[in-house]
Amino acid sequence: MERERISIEELIQRYERGERDFAGIYLYNQDFHDYDYIDLSGIDLKRAMLCNFSFFGFSRKVNFTGADLSDTDLDRQMLEEFNFTKANLSNVNLCQSTLNSSNLSECNLSGNNIQSATLKRTNLY
């Protein structure tokens with residue numbers, strides 16, 4: 001099965017039109033740095049491939065269940081109430097990020113940089 005490749009701009013446009021299911025999408029070498037504020041609350045990115053991706057913005061209650069977020073730059077991100085259950089978070093930069101009340105159960109955290117990350121009420125098991 002080939003993944004649907006979309007740009008950040010297309011993802012935002014479709015989200016703003018009410019679409020929430022982006023399961024399996026492919027974003028590579030993309031970031032949100034051109035946006036001051038992005039709220040993708042409730043977005044479903046199960047099995048999404050976001051490689052070398054920077055999620056620069058604030059969002060809550062994002063579902064990343066089973067997503068492949070390997071090699072993603074999440075430095076200094078507000079990731080409160082995110083669901084990363086069974087996600088691949090290998091080699092992810094989480095330095096100084098806030099993951100309060102997030103679920104990281106059964107996910108791959110190998111090679112992570114979590115220096116100074118905040119993990120209050122975060123499920124790690």
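Predicted model: local features only at pLDDT ≥ 70, side-chain atom pairs only at ≥ 80, totals over all residues.
I then listed the buried residues themselves. Helix 1 spans residues 8-16, and Ile 8, Leu 11, Ile 12, Arg 14 and Tyr 15 are buried in it. Viewed down the helix axis, these buried residues fall within an arc of 165 degrees, so they line one face of helix 1. For background, an α-helix has 3.6 residues a turn, so residues three or four places apart point the same way.

I checked what comes after the helix. Gly 18 follows helix 1 and has a positive phi, near 110 degrees.

Next I turned to salt bridges. I found 4 in a search of the whole structure.

Which residue does Glu 4 pair with? Glu 4 forms a salt bridge with Arg 14, with the closest N and O atoms 2.7 Å apart. This pair links distant parts of the chain, since Glu 4 sits in the segment before helix 1 and Arg 14 in helix 1, 10 residues apart. I noted Arg 14 as buried, at 11% relative accessible area, and Glu 4 as partly exposed, at 38%.

Glu 10 is partly exposed, at 29% relative accessibility.

Glu 19 is another partner of Arg 14, with closest N and O atoms 2.8 Å apart. Glu 19 is partly exposed at 28% relative accessibility. I recorded Glu 4, Glu 10, Arg 14 and Glu 19 as one network, joined by salt bridges that share partners.

Terms used:
Residues numbered from 1 in each chain as written. Heavy atoms only, no water. Buried < 20%, exposed > 50% of the residue type's maximum accessible area, 1.4 Å probe, protein only. Helix = DSSP H or I, 4+ residues; strand = E, 2+ residues; numbered from the N terminus. Arc of directions from axis to C-beta. Salt bridge = Lys/Arg side-chain N within 4 Å of Asp/Glu carboxyl O.
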